[in-house]
Amino acid sequence: MTDILARKPRIALLFGGRSSEHSVSCVTAAGVLHAIDRAKYEVVPVGISREGEWSLVDADHEHWSLASGTVPEVPSGTGTLRLEATRGSRELVSSDAGRSPGPIDLVFPLLHGPFGEDGTLQGLLELADVPYVGSGVSASAIGMDKHYMKVVFEAAGFEVGPYVVITDKQWNRDPEAALATAAPLAYPLFVKPARAGSSVGISRVDDPSGLRAAVEAAREHDPKVVIEAGIAGREIECGVLEGRGSDAPRTSLPGEIAVAPGAHSFYDFEAKYVDGAAAALSCPAELPDAAVEEVRRLAARAFDAVGAEGLSRVDFFYTPDGRWVINEINTMPGFTPVSMYPQMWAKSGLAYPDLIDELIWLALHRRTGLR
Ligand SMILES: Nc1ncnc2c1ncn2[C@@H]1O[C@H](COP(=O)(O)OP(=O)(O)O)[C@@H](O)[C@H]1O
Ligand SMILES: [Mg+2]
């Protein structure tokens, strides 16, 4: 370990990817490419196309920023890179002669959604024995799956809102019977692909006539669908950063998402990325001290409940009668400099470049394999 830190660690930034959050990931990469300390780290920028091809890409942050006026995207059809899954190879190999980036010390997966944030990539990195930023295989998989995440949180004593799950087999066998399982849930309902993000495929349904179409829309993104009763409450989020060594997780000041009444009935994709005026992110959230303490304690517990590592953002609903209903944990939360997670840490005294540094430090000091 000390030998890696004595020289410049070679860090592969992975971004883009196969999920619907491809471009969000590219914008995150712009932020990290801009802020990462090149005097301390050698950066190897690796773009993953929507088809899953890996290639060495432009290291200039401006190429990937939204300021360029277009939505950034890793081009398809140019992939030449691969990571050997052989134990200990730790090598990025190119099929273009003489273009192999060679050995890497660490991977920073700036990927959201399936095939990046869900444990699949983490599995490849474990096989290759390459350390990486963030959660391992099982925590990533649990954090991606809005069904199993709830199972784990319920078992850990969290308040989880009422929900049902419709699997692909259930739906194919008898859609009417599957829809009927949602009858006990009070409207409005939120219908979600079990494993997606950025609100993609999520619908709010105000009466039973809209339920079938909402399930079909969610199934466009994932054959497994979660239907939840709507929770009335404020949306409060808290950043968690793994402690060094055997230290407990650190938590940020909480932030709040307030969706302006009007065009958006919830924090949907447009409100997140398109319609800047639709939602206000505020940090610190205006809460009594005792509530701040409570949500920070719960966020750290949620991090430990799924066995998360590195970073997570934990999202709650704070009900008018003062209950904390957990909504989700994100093991690779939005990570542009203006995203909630980095903003909450900035307000808590850890600036974006220092946050990147800390995540790299944690990853370089974490072993691969069972831990
Ligand atoms: N059970 C619910 N009750 C009320 N609002 C919800 C519920 N589930 C989701 N929402 C709204 O939808 C948004 C996106 O849902 P979420 O589960 O966080 O999905 P994603 O992983 O895509 O962020 C939330 O930020 C919130 O505004
Ligand atoms: Mg969310």
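The following dialogue examines how terms are applied to a predicted model.

Student: Why is Glu228 called buried?

Tutor: Buried means under 20% relative accessible area. Glu228 has a relative accessible area of 8%, so Glu228 is buried. Glu228 lies in strand 12, residues 225–229.

Student: What makes the link between Glu228 and Lys192 a polar contact?

Tutor: Such a contact requires a pair of N or O atoms within 3.5 Å, one able to donate a hydrogen and the other to accept it. The side chains of Glu228 and Lys192 make a polar contact at 3.0 Å. Lys192 is also among the residues in contact with Glu228 when neighbours within four places in sequence are left aside; others include Lys150, Tyr163, Phe190 and Asn327.

Student: How far apart are Glu228 and Phe190 in sequence and in space?

Tutor: Glu228 and Phe190 are 38 residues apart in sequence, and their C-alpha atoms are 5.1 Å apart in space.

Student: What makes Phe190 and Phe266 an aromatic pair, and which kind of pair is it?

Tutor: A search of the whole structure finds nine aromatic pairs. Phe190 and Phe266 form one with 5.4 Å centre to centre and 90° between the planes. Ring centres must lie within 6.5 Å, and planes over 60 degrees apart count as edge-to-face. The pair of Phe190 and Phe266 is therefore edge-to-face. Phe190 is in strand 10 and Phe266 is in the loop between strand 15 and helix 9, 76 residues apart, and the pair links these distant parts of the chain.

Student: How do you know whether Phe190 and Phe266 are buried or exposed?

Tutor: The cut-off for buried is under 20%. Phe190 has a relative accessible area of 17% and is buried. Phe266, with 15%, is buried as well.

Student: Why is the pair of Phe335 and Tyr352 called tilted?

Tutor: The planes of Phe335 and Tyr352 are 40° apart, with 5.5 Å centre to centre. Planes under 30 degrees apart count as stacked and over 60 as edge-to-face, so the rest are tilted. Phe335 lies in the loop between strand 18 and helix 11, and Tyr352 lies in helix 12, so the pair ties together parts that are 17 residues apart in sequence. Phe335 and Tyr352 are both buried.

Student: Why is strand 17 described as largely enclosed by the rest of the structure?

Tutor: Eight of the eight residues of strand 17, residues 311–318, are buried, so the strand is largely enclosed. Leu311, Arg313, Asp315 and Phe317 point one way, while Ser312, Val314, Phe316 and Tyr318 point the other way. In a regular strand the side chains alternate between the two faces of the sheet.

Student: How do you know that strand 17 pairs with strand 13 and with strand 18?

Tutor: Two strands pair if there are at least two bridges between them. Eight bridges join strand 13 to strand 17, and these strands run antiparallel. Strand 17 and strand 18 are also antiparallel, over six bridges. Both cases therefore meet the requirement of at least two bridges. Gly239 has Arg313 of strand 17 as its bridge partner, whereas Tyr318 has Trp324 in strand 18.

Student: What makes the charged end of Arg244 count as sitting over the ring of Trp361?

Tutor: The distance limit to the ring centre is 6 Å, and the charge must also be within 35 degrees of the ring normal. The charged end of Arg244 sits over the ring of Trp361, 3.6 Å from its centre.

Definitions and conventions: Residues numbered from 1 in each chain as written. Chains lettered and ligands numbered in written order. Predicted model: local features only at pLDDT ≥ 70, side-chain atom pairs only at ≥ 80, totals over all residues. Heavy atoms only, no water. Helix = DSSP H or I, 4+ residues; strand = E, 2+ residues; numbered from the N terminus. Buried < 20%, exposed > 50% of the residue type's maximum accessible area, 1.4 Å probe, protein only. Contact = heavy atoms within 4.5 Å. Phe/Tyr/Trp six-rings, centres within 6.5 Å; stacked < 30°, edge-to-face > 60°.
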